[in-house]
Each structure stands twice: as C-alpha cells, then as structure tokens.
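Hi everyone, thanks for coming. Please have a look at the sequence and the model on the screen, and then I'll walk you through a few places in it.

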Amino acid sequence: MYDIAKIREDFPILSREVYGKPLIYLDNGATTQKPRCVVDSIVEEYYSVNSNVHRGVHFLSQQATNLHEASRETVRKFINARSTSEIIFTRGTTESINLVASSFTERFMKPGDEVIVSVMEHHSNIVSWQLQAERKGIVLKVIPMNDCGELLLDEYEKLFSERTKLVSVAQVSNVLGTINPVKEMIATAHAHGVPFLVDGAQSIPHMKVDVQDLDADFFVFSGHKVYGPTGVGVLYGKENLLNELPPYQGGGEMIQNVSFEKTTFNELPFKFEAGTPDYIGTTSLAKALDYVSAIGMDEIAAYEHELTVYAMQRMKEIPGMRIFGEAEHKGGVISFLVGNIHHFDMGTLLDRLGIAVRTGHHCAEPLMTRLGITGTVRASLGLYTTKEEIDALVAGIKRVSMMFG
Ligand code: PLP
C-alpha cells in the first residue's frame, strides 16, 4: 500500500505556500525535495560528530570515517555493485562523467578514436567529451531517435567501428522521459568489445538499478536527484577498469607516498577521491537511499508509472497541446508546448498559480535542435506527486491558454 499522505508528511517543504497558493512542485528532474531524515542527518552530524575523515586517530574522526564508509556500503547495496572499491564519491553526475571522460581518454584513446553518445544527452554527457575532442582529438558519434523520442537501435549498431572506445548514454532522458533500453544497448557494445557508461541521473530516483544485471561498466548519478543532498554524487565503475584509469585530481587522500622524485597512488576507491570529501553529504545521501528503499523502488516505479499515464492522458485534453516524448517506455517527465505560447510565459504564469515547472532547453540544446524548437515547459514527477497536483497543473495550463486566447 503506497501511503502518499504519510510520504508527503516526510517532506516539510511540500506544505508551504507560494504567492498564497499551495506549492505544487513539479521540477523534480532538476532537483528533488528532501525528507526530514536527510536534513536531520546533516544537522545531527555537524552538531555531534563533525571531524575530518580518514586522517584522525581521535574518536570523532573515527566516528565520521565510519559513517562515511558505511554510506559507501549503502550505495554499493543500492545499486548492487560487487565491492565498495567500485563506489567513488564525487560532486555529482557532472563530475563523475568528467572524471571518466578525462581519465578514460587519457588511458585508452588516441586521436581519431570514437565515443558514441545519443542525441538526447544532457550537456554534461556531451560537453565533457567535446573537451576531450578538443584536447585529445577524439571524435563524437551520435545515436539518432525517432519522432516519439526512441533511440534508433539499428542506427546505433551501425555507428560502431574499430575506433569505437566507449558508449555513454542516459538511462532516462531528462527532457523526453524516454527510458532507454540500456541493458540491450550495453550487450551490443560488449559484443563489439566496447565498455558502456550509463548516465543514471534521471533513472536512479525512479527505478531499481542493478549495475551487475545491466553489466554497466560505469554508472553515474547525483545525490540531489534522489532525495539526497546537493554536492555529492557517485561514480560506479568495474574494478578492473577503474584500476586501469589514471587519477583525475591530485591531492590529499589519493596518494600512498609522496616525494619530489616519485609519488605513488592510493588504492580504490581513494585514488579518485582527492581532498576532503563531503562526508556530511555522503551520510545524508545514505539516509536518502535508505528512505526510498524503505518505500521500495518497485513501489515507487509502479506509483509513478500510473501517475505518468494519468498525466499524459489529462494533458492531451488541452487544446493546442504538443507533448515532446511519447516513447512506449516513458518515465514521469512531460515536456510540452501549447499553441504559440512561449515556454517562458507558460512557466512564469504557472508559477503565479503556485506550480513550479521548468522552462527552456533543459541543458539539452542538441535535442532542442532535433525537435526544431528552442525550449519546452517541463513537468517532472516525484514519489510525492499526487493526481490532484496533476489536475491542478492541467487546470493551470488551461487557464494560461485562455489568457492567451
Ligand atoms: N545527466 C542528466 C540526464 C541530467 O538530467 C542531469 C541534470 O539534470 C545531469 C546529467 C547533470 O546532473 P548534475 O547537475 O547533478 O551533475
């Protein structure tokens, strides 16, 4: 039994008002709200444990280190990695992708070697590779999609060549909501002897992820999109691959011995964690993962699926409605435009009704070019979204549409 009323009580922000109206928060693709247990964890750790990790012999430092390393185990379990050596804490998805782009290119790629991405990637999974294209002469190949927003798997297969060194694709599109068949795509890449990075920023909050079942070589996500804190994220990588990669940043913690003649590096995962980690953040990220696990990822997925089907059906009642992203397998992200109303105007007026949506290109300008538009309005659902909120969104869009005649 999915107890939505009880779940909503865990999120204090959901009971606030904006412009005198109850907040309807539909910007979960950008960031999610935090349950009380996540915020409490931050406050409690600062008040009673705070001390730098890994370095101290004293009680507090050991306690903070234990919490930090226990969080690594919580993440390992959550995505079913084999070992905590495979869990690298980063600042988020963006940093995780940049780490792989930088270290993987340095170790495995020569000028002219190729990385395959898709047309629906977030800028972080495009620009990180373009930087390497400029610096190291690597080449980007792009998987196209159909008008429903589904990747063309035949075209994908044709992109492989002897020079393909990595594929990097989002499991769920942050604009179209498309759930890409990454397990199948990984198998294709592996048949060509090519490793695969899954951008899990938009999948991790909404579905069960099992990196061993997917056979993902890398899997990345951000804490703040899965009801956790900002500033902390994860890079999962297969141990043998991570062992091959050179360090990303230099500093404390990532070394074994330092001298001016020769420095040796620490073992995994510390080799990739230079400097003081956000150990307060990792503890509260673990609280967030425990929170969603207690509700159940399958239960969350089922609830959100029903809500998405309902939202899509209700949105289509609206005259002049154009929805971008009608894949057969679709998560709770609904991008739309109505008639000639500019996305910015729609978003601003919905905001006055207390409805928080996102407008613009959603950090996916190449996708906007593919769709032939400059931006959309995006409503993105979370585990606490209700049917009543969808109804309010539909009523709000109708009201704004009437204002524009
Ligand atoms: N990838 C996808 C698919 C995203 O939706 C986002 C954020 O919206 C990112 C990457 C970047 O995440 P972050 O800004 O948390 O690093």
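D215 sits in the loop that runs between α8 (211-214) and β9 (218-222). Helices here are DSSP runs of H or I with at least four residues, strands are runs of E with at least two, and both are numbered from the N terminus. The phi angle of D215 is near 65°, a positive value in a residue other than glycine. D215 counts as partly exposed because its relative accessible area is 30%; buried means under 20%, exposed over 50%, and partly exposed in between, with a 1.4 Å probe and protein chains only.

Two housekeeping points before I go on. This is a predicted model, where local features need pLDDT of at least 70 and side-chain atom pairs count only at pLDDT 80 or more, while totals for chains, interfaces and linings use all residues. Residues are numbered from 1 along each chain as its sequence is written, and side-chain values use heavy atoms, with hydrogens and water left out.

Now to E253, in the loop between α9 (239-244) and β11 (255-257). Phi of E253 is near 80°, again positive in a residue other than glycine. Is E253 buried or exposed? E253 is buried, because its relative accessibility is 16%.

The peptide bond from L268 to P269 is cis, with omega near -5°.

Next, helix α3, residues 59-79. Its 21 residues should span 30 Å at 1.5 Å a residue, and the end C-alpha atoms are 31 Å apart, so the two agree. The expected span is 1.5 Å times one less than the number of residues. The buried residues of α3 include S61, A64, T65, H68, S71, R72 and V75. For anyone following the spacing, an α-helix has 3.6 residues a turn, so residues three or four places apart point the same way. Just after α3, N80 takes a positive phi of about 55°.

Let's turn to the ligand. Which residues are around the ligand? They are G29, T93, T94, H122, S124, N174, D199, A201, Q202, S222, H224 and K225, where being near takes a heavy atom within 4 Å. An N or O atom in the side chain of D199 is 2.5 Å from a nitrogen atom of the ligand. For S222, a polar side-chain atom lies 2.7 Å from a ligand oxygen atom, and for H224 an N or O atom of the side chain is 2.8 Å from an oxygen atom of the ligand. On its own the ligand has 390 Å² of accessible area, and the protein covers 85% of that; these areas come from the Shrake-Rupley method with a 1.4 Å probe.

Q171 is in the loop between β7 (164-170) and α7 (182-191), and Q171 counts as buried because its relative accessibility is 6%. The side chains of Q171 and S203 make a polar contact at 2.8 Å, that is, a pair of N or O atoms within 3.5 Å, one able to donate a hydrogen and the other to accept it, with sequence neighbours counting only if both atoms are side-chain atoms. T385 lies in the loop between β17 and α14 (387-403), and T385 is buried, with a relative accessible area of 0%. A polar atom of the T385 side chain lies 2.8 Å from the backbone nitrogen of G382.
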